[in-house]
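The sequence and the structure come first, and the discussion follows.

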Amino acid sequence: MIPVIYWSGSGNTERMAMILAEAIGEDAKLLQVSEASESDIEEAEAVAFGCPAMGAEQLEECEFEPYFSNIEAKLAGKKVLLFGSYGWGGSYMTEWMARAEADGAILVTEGILALNEPDDEVVQNLQNAAQLLK
């Protein structure tokens, strides 16, 4: 099972998560971060996380950041994909990738970003990344 765990405010990151889960196929487990648990990470060899840029280029602080902080130690040696949408900037992804790598995660590709709604290029990038998670 490959968990696709996300938080979305406007629906853009949720759309990205759905595209990714569909591309993964029957092995995907699509979860809003509020539904995810530590065991979802412990049992997985690969996992995808989606979160948009919030405020001053940071992860969503009420649900996503606390969850991600809690499971970071479990990422060592796992294949990981990071994705999200943004309305300005997008620099949060560079910091998030560095953080995941410091946790020992094996990033399957650069983080996938969508400026607002995912366009055709982002959809293709998500579909390609799905194959790398398998």
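## The contact between E72 and R99

The side chains of E72 and R99 make a polar contact at 2.9 Å, a term that covers a pair of N or O atoms within 3.5 Å, where within protein one must be able to donate a hydrogen and the other to accept it, and where residues adjacent in sequence count only if both atoms are side-chain atoms. The pair also meets in a salt bridge, with 2.9 Å from N to O, a salt bridge being a side-chain nitrogen of Lys or Arg within 4 Å of a carboxyl oxygen of Asp or Glu. Because R99 lies in helix α4 and E72 in the loop between α3 and β4, the pair ties together parts that are 27 residues apart in sequence; helices (H or I, at least four residues) and strands (E, at least two) are DSSP runs, numbered from the N terminus.

With a relative accessible area of 13%, E72 is buried, where buried means under 20%, exposed over 50% and partly exposed in between, using a 1.4 Å probe and protein chains only. When neighbours within four places in sequence are left aside, E72 is in contact with R99 and D103, contact meaning heavy atoms within 4.5 Å.

## Basis of the values

This is a predicted model, in which local features need pLDDT of at least 70 and side-chain atom pairs count only at pLDDT 80 or more, whereas totals for chains, interfaces and linings use all residues. Residues are numbered from 1 along each chain as its sequence is written, and side-chain values use heavy atoms, with hydrogens and water left out.

## R99 and its partner E65

R99 also forms a salt bridge with E65, in which the closest N and O atoms are 2.7 Å apart. E65 lies in helix α3 (residues 64-71) and R99 in helix α4 (residues 92-102), so this pair ties together parts that are 34 residues apart in sequence. E65 is partly exposed, at a relative accessible area of 21%, and R99 likewise counts as partly exposed, at 24%.

## Other salt bridges

A search of the whole structure finds 6 salt bridges. One of them joins the side chains of E117 and R15, at 3.7 Å from N to O; this pair links distant parts of the chain, with E117 in the loop between β6 (112-115) and α5 (120-133) and R15 in helix α1 (residues 12-24), 102 residues apart. E117 counts as exposed at 52% relative accessibility, whereas R15 counts as partly exposed at 37%.
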